[in-house]
Amino acid sequence: MNEKQDIMVPKNLAISESGFLFSPSNGESFTLNELGIWIFKLLQSGKNKKDVLNAIISNYDIDEKYAEYDLEDFLFQLENFSLINRK
Amino acid sequence: MNIAITGLNSTDNPGPGVPVIRSIRAEKKFKGRIIGLVYDSLEPGIYFDDLIESYYTIPYPSSGKNLLLERISYIHKKEKIDLIIPTLDSEILGFISIENDLRKMGIKTFLPTAVQYNLRAKDKLFNLCQKNKIKVPRNILATSLKDIATIQEHFSYPIVVKGIFYDASIAHNFEEAVVAFNKLSLKWGYPIIIQEFVHGSEFNVVALGDGLGNTIGAVAMKKLYITDKGKGWSGVTIDDEEILKISKTAIKAMKWRSGLELEFIKSSTTNEFYLLEINPRFPAWVYLAPNAGQNLPFALVELAMGKKITPFTKYKIGAMFIRTSWDLISDMSTFEKITVNGELKK
């Protein structure tokens, strides 16, 4: 586990290749787009928010400030649906 | 083995008979015949092929126990019934009252006692939950419009107005509460249960108690689609220890003997489960249970026949059901036989 890990994905949460997410504890299901899948898998692999932000900036032509705004929006939604826990 | 089962009214408010039969038939060990007990010749379960071997009409619960016993006795002479599984709320008490007579005839049942049955009644559930530290919405029992006027001393609108046996509606103000109170009291009598409205998602548990306080099996489900009648039309099994723990506490407290359904709401503000109702029979979605690894209806059959059952400990998470409408094509002769003769052999 990354010592600086600030975002935890519940262990029983699985995402399929198509981006379908099923939360077994409450029966809710979600779909993520390509970028969402990529970010979610980074989080599952133990990356922290800063790692994910750097990965986005390196792979996409986007200003760091806007990337951080968008990432924070996405993380807020994930947290709101109990799909991640933040320290 | 010959098993007689009621509740074949698989309409848009389906009885549990057909899914209970499908569950029993899904068990390879089952070698027997199913006898359908119906109240009406248009109960859709009659018209399924290969589901039930013979059908008999029985008198409505309001006809009293003597007529019911007389009719069962007649059917027993023709069919040699080993076990009767009543599946409708309104008939459970009637069958409890003739349980001893049935036993003398050699017919088994697997029912709660009248005392157990009453512990979970809508007007008693609050006390059961309080005694066993189970979260339950606050309620008042209303017997007059005066009681409706005092609602806001207890909790604020919206509220849930429930009939003593069936039906419920949500009222957002005094006027709506009065309309619901009058409608439900005319239909089902008193008291009317006025319940605090808890915002959240609906979860249900189907379970089987052995009558000694043990839970033989329990499967939790989240409703994915709810009809305008409040019926779950689709659902998925979930992994939640808390909801199963609460269900087992209730079963233990009642020493429930039979199948049952526990209805919960998970508060969106506190994230806690509130127990809304305990129904004294398997629900119409019970066929999900064997498909998730717990054949609770067949386990009931085995318990009724005196067999020892090892309790189920797990089930498949993510098993999903979705209900559908499906036109069955039949012939007037089927309708004629059950209407004119009150019985039908396939």
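How much area is buried between chain B and chain A, and what share of it do carbon and sulfur atoms give? About 560 Å² is buried between the two chains, and carbon and sulfur atoms give 51% of that area, where buried area is the accessible area (1.4 Å probe) that two parts lose on being put together, summed over both.

Before going further, note that this is a predicted model, in which local features need pLDDT of at least 70 and side-chain atom pairs count only at pLDDT 80 or more, while totals for chains, interfaces and linings use all residues. Residues are numbered from 1 along each chain as its sequence is written, chains are lettered from A and ligands numbered from 1 in the order in which they are written, and side-chain values use heavy atoms, with hydrogens and water left out.

**First stop: the interface**

Select B:K222, B:I238 and B:D239, the residues of chain B that lose the most area to chain A, together 49% of what that side buries. The contact (heavy atoms within 4.5 Å) draws eleven residues from chain B and seven residues from chain A. To see which elements of chain B are involved, colour strand 9 (200-210), strand 10 (215-226) and strand 11 (232-237), which give two or more residues to the side that touches chain A; helices (H or I, at least four residues) and strands (E, at least two) are DSSP runs, numbered from the N terminus. By class, that side of chain B has five nonpolar, three polar and three charged residues, with Ala, Val, Leu, Ile, Met, Phe, Trp, Tyr, Cys and Pro counted as nonpolar, Asp, Glu, Lys and Arg as charged, and the others, Gly among them, as polar.

Turn to chain A, where three strands form an open sheet in the order 2-3-4 with antiparallel pairing, two strands being paired if DSSP finds at least two bridges between them. Its edge strands are strand 2 (14-15) and strand 4 (29-31), each of which pairs on one side only. Two bridges join strand 2 to strand 3 (residues 20-22) of chain A, and A:I15 has A:L21 of strand 3 as its bridge partner.

Next select helix 1 (residues 34-44) of chain A, whose buried residues are A:G36, A:I37, A:I39, A:F40, A:L42 and A:L43; buried means under 20% relative accessible area, exposed over 50%, and partly exposed in between (1.4 Å probe, protein chains only). These buried residues pack against strand 1 (7-8), strand 2, strand 3, helix 2 (49-59) and helix 3 of chain A. Just after helix 1, A:G46 takes a positive phi of about 105°.

Over all chains the count comes to 23 salt bridges. In chain A, select A:E72 and A:R86, whose side chains meet at 2.9 Å, N to O. This pair links distant parts of the chain, with A:E72 in helix 3 (residues 64-80) and A:R86 in strand 5 (residues 85-86), 14 residues apart. A:E72 is partly exposed, with a relative accessible area of 27%, and A:R86 is partly exposed, also with 27%.

In chain B, select B:K162 and B:E277, whose closest N and O atoms are 3.1 Å apart in a salt bridge. B:K162 lies in strand 6 (residues 159-162) and B:E277 in strand 13 (residues 273-279), so the pair ties together parts that are 115 residues apart in sequence. Both B:K162 and B:E277 are buried. Returning to chain A, salt bridges that share partners join A:K49, A:E72, A:E79 and A:R86 into one network.

Then centre on B:K29 and B:E302, which meet in a salt bridge of 3.7 Å, N to O. B:K29 is exposed, with a relative accessible area of 57%, whereas B:E302 is buried, with 12%.

**Last stop: B:I98**

Finish at B:I98, in the loop between helix 3 (89-97) and helix 4 (99-105) of chain B. Is this residue buried or exposed? At 0% relative accessibility, B:I98 counts as buried. Leaving aside neighbours within four places in sequence, B:I98 is in contact with B:K65, B:L68 and B:L69. B:N66 is 32 residues from B:I98 in sequence and 8.6 Å from it in space, C-alpha to C-alpha.

How values were computed. A salt bridge is a side-chain nitrogen of Lys or Arg within 4 Å of a carboxyl oxygen of Asp or Glu.
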